[in-house]
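Me: I've got a new model open and could use a quick tour. Can we go through it piece by piece?

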Amino acid sequence: MELKLPKKALVTGAAGFLGSHLCKRLLDDGYEVTALDNLFTGTKRNIESLMDNLGVVPNPNAFTDTRDPNVLACNALGIIKGVGDGRFDPDGILQRAQIAAIINRAARVLGKSTEGYSHSFTDVSGHWCDSELGWPVGNGIINGIGGGKFDPNSNLTVEIGRAHV
């Protein structure tokens with residue numbers, strides 16, 4: 001019996017000229033593509049066709065305090081929702097709950113099933129991030145602070161950010 005595994009590919013530099021074309025070719029060939037890019041040298045223009053494949057159209061008026069195309073693309077994908085009242089707060093400080101949600105939502109956009117995962121944190125019951133924690137915790141991406149706690153409202157520090165990424 002032949003084992004058929006799904007065709008998967010990870011493309012780094014996916015927003016660059018070569019990476020964006022490689023992503024398109026792999027998608028056309030039936031691959032599940034995970035595309036990564038820090039947009040240091042690549043551009044959003046190069047991944048617009050990928051966004052088109054997902055039916056994503058950024059709303060230039062999604063936030064009153066930013067017009068950053070990368071933020072607007074992440075908003076259109078459902079990864080970033082802002083802080084309320086139509087604001088993104090580009091100068092704000094990211095909290096642990098927010099990064100957990102961003103990681104979970106990005107996984108969904110990349111085709112990962114985030115359903116059916118759970119966590120054992122005792123300090124997030126009723127918190128908006130409760131339903132966003134299962135997948136990142138279950139995959140070892142997010143950890144608590146000890147004692148069964150997550151501390152969702154604490155600020156994300158550089159040290160914690162490195163551990164999360």
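Me: Is D89 buried, partly exposed or exposed?
Reply: D89 is partly exposed, at 31% relative accessible area. Buried means under 20%, exposed over 50%, and partly exposed in between, using a 1.4 Å probe and protein chains only. This is a predicted model: local features need pLDDT of at least 70, side-chain atom pairs count only at pLDDT 80 or more, and totals for chains, interfaces and linings use all residues. Residues are numbered from 1 along each chain as its sequence is written, and side-chain values use heavy atoms, with hydrogens and water left out.

Me: Where does D89 lie?
Reply: D89 lies in the loop between α3 and α4. Helices here are DSSP runs (H or I, at least four residues), numbered from the N terminus. D89 has a positive phi of about 65°, although it is not a glycine.

Me: What about D85, buried or exposed?
Reply: D85 is exposed, with a relative accessible area of 77%. It is found in the loop between α3 and α4. Its phi is positive, about 55°, and D85 is not a glycine.

Me: Switching to rings. How many aromatic pairs are there?
Reply: The count comes to two aromatic pairs. Rings of Phe, Tyr and Trp (its six-membered ring) pair if their centres lie within 6.5 Å; planes under 30 degrees apart count as stacked, over 60 as edge-to-face and the rest as tilted. F63 and F88 form a tilted pair, 5.6 Å centre to centre with 50° between the planes.

Me: What does the pair of F63 and F88 tie together?
Reply: F63 lies in the loop between α2 and α3 and F88 in the loop between α3 and α4, so the pair ties together parts 25 residues apart in sequence. Both F63 and F88 are buried.

Me: And how far apart are the ring centres of F121 and F150?
Reply: Their centres are 5.2 Å apart and the planes are at 40°, so this pair is tilted. F121 is in the loop between α4 and α5 (134-138), and F150 is in the loop between α5 and α6 (158-164). Both F121 and F150 are buried.

Me: What lies over the face of F150?
Reply: R96 does, at 4.3 Å from the ring centre. For a charge to sit over a ring, NZ of Lys or CZ of Arg must be within 6 Å of the ring centre and within 35 degrees of the ring normal.

Me: Last one. Which residues is R105 in contact with?
Reply: Leaving aside neighbours within four places in sequence, R105 is in contact with G78, I79, K81, W128 and E132. Contact means heavy atoms within 4.5 Å. R105 is found in helix α4 (residues 96-109) and is buried, at 9% relative accessible area.

Conventions: Helices (H or I, at least four residues) and strands (E, at least two) are DSSP runs, numbered from the N terminus.
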